[in-house]
Each structure stands twice: as C-alpha cells, then as structure tokens.
Amino acid sequence: MVLDKDTAKKTAELLLQINAIKLEPENPFTWASGWKSPIYCDNRIILSYPVIRNYIREEMAKQVESLYGKIDAIVGVATGAIGVGMLVAEQLGLPFAYVRPQPKSHGRQNQIEGRLDAHQNVVVIEDLISTGKSSLNAVDALKDANINVKGMVAIFTYGFDLANDNFKEKNVELHTLSDYEHLIDQASETSYIKENQMNTLLEWRKDPSTWKPN
C-alpha cells in the first residue's frame, strides 16, 4: 500500500531519472523466474546517488516512524536491501541486521546476520517487491527466531495479485514508497514512454507470468 501520492510520484520520478527502473517493451528482460518482462527494476543503483539515496532514506524512515512508532531494530533483506536498510537504521538511530536467503553452509551457519534478541520488535526493509517470495522467506526466518515483525516497508512494488495474496496469507503488512501505477503515470506524463509502449506495459501487468512480446 502506498501511503502518500506525492511521495509515490516523486519516488517514481527519481527511479526513472537514474535508470533504476528501465522500461523496454520492445526488448523485454528475462527475470530469474523465467518471466519475460518489459520492465526491470534495480534499486541498488540508488546508493550511487547521494541526494536520491538521502531522499529514499528519509521517506522510508518517516514511514517506519509514523506506522510503527518505537521499534527495536531495522532488518534488511539480502542482498538488495542491505544498503538501504542500513541507511534507514542510521536515520532512526537503530540497530541493523539483515537476513540471508538461506543459512550459510559454513562457520556459524547464520541466516540472520547482526544482533537481534528474541521478542524484539523490528521492521523489515526491502528494495523491491515482485512475488514477495524472498521477502516473506526473510520474515519466516525472523519469526522462527522469535523476532516480532511489525511490518515491511519497501521502495517499490509491481503490485501483483500473487504478491498481495502471499502477504495476506502470511499476515504481513506491506507499505511502499511507490508502485507500478504511479510509475506508469509518471513515465507517461514525462513522455518517458509512448502510447503504444504504455499499452504493452499495462497488458503485461495483467498476467506477467504468461506474457510474451509481440
């Protein structure tokens, strides 16, 4: 859920500005899942732009504070949200930890890296939500360690029905700075995409798992 429309529009504008989000309807990307997509999002590039990363840090910190009040720590999801998660934790003056996709196969075999104590209240930070599978895997790891996950704040979501269902099933509250609808609106307003490209992007959004380029 997007909390503030102005923030959603500004975030979309900044992501497009630095090519963190690339729209190429005529030359689709292939995701790790095998899905073909006219859009690709890499929010890690935000870290290379001080002014933009500061904006994202401040807006995410504001949402964490307004939604969840006093918490004990910020947790990032590896690897994409480690950087932005650390920024948010720094902004709030809170401890930071991150969660690996799976436990290490050597050493202490940690899946959660950093100091978290049982029953602490945390907010999880993500850079991107697609199906939500990896994000919710991190939440499961935290809950298995008896950590109280108050919710999740992410930079961007595609807003897939599958992701919404997955979060609802796990009873995890998700809020994002921006989403697909605001991105497309912003791209259209600034002539970043043409009308025929807009139609492709809207069509893909209806059923991304089976979409194929023309």
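I looked up the pairing of β8 and strand β9 (residues 148-157) first. In this predicted model, β8 and β9 pair in the parallel sense over eight bridges. Strands here are DSSP runs of E with at least two residues, helices are runs of H or I with at least four, and both are numbered from the N terminus. Two strands pair if DSSP finds at least two bridges between them.

Next I checked strand β5 (residues 73-77). β5 pairs with β8 in the parallel sense too, over four bridges. Ala-73 sits opposite Val-122 of β8.

I then looked at burial. Of the nine residues in β8 (residues 121-129), eight are buried, meaning under 20% relative accessible area with a 1.4 Å probe on protein chains only.

I followed the chain onward. β8, helix α4 (residues 133-144) and β9 form a right-handed β-α-β unit. Right-handed means that, with the strands pointing away from the viewer, the path from the first strand over the helix to the second runs clockwise.

Lys-133 lies in helix α4. I logged Lys-133 as exposed because its relative accessibility is 66%, and exposed means over 50%.

Notes on the model: residues are numbered from 1 along each chain as its sequence is written, and side-chain values use heavy atoms, without hydrogens or water. Local features need pLDDT of at least 70, side-chain atom pairs count only at pLDDT 80 or more, and totals for chains, interfaces and linings use all residues.
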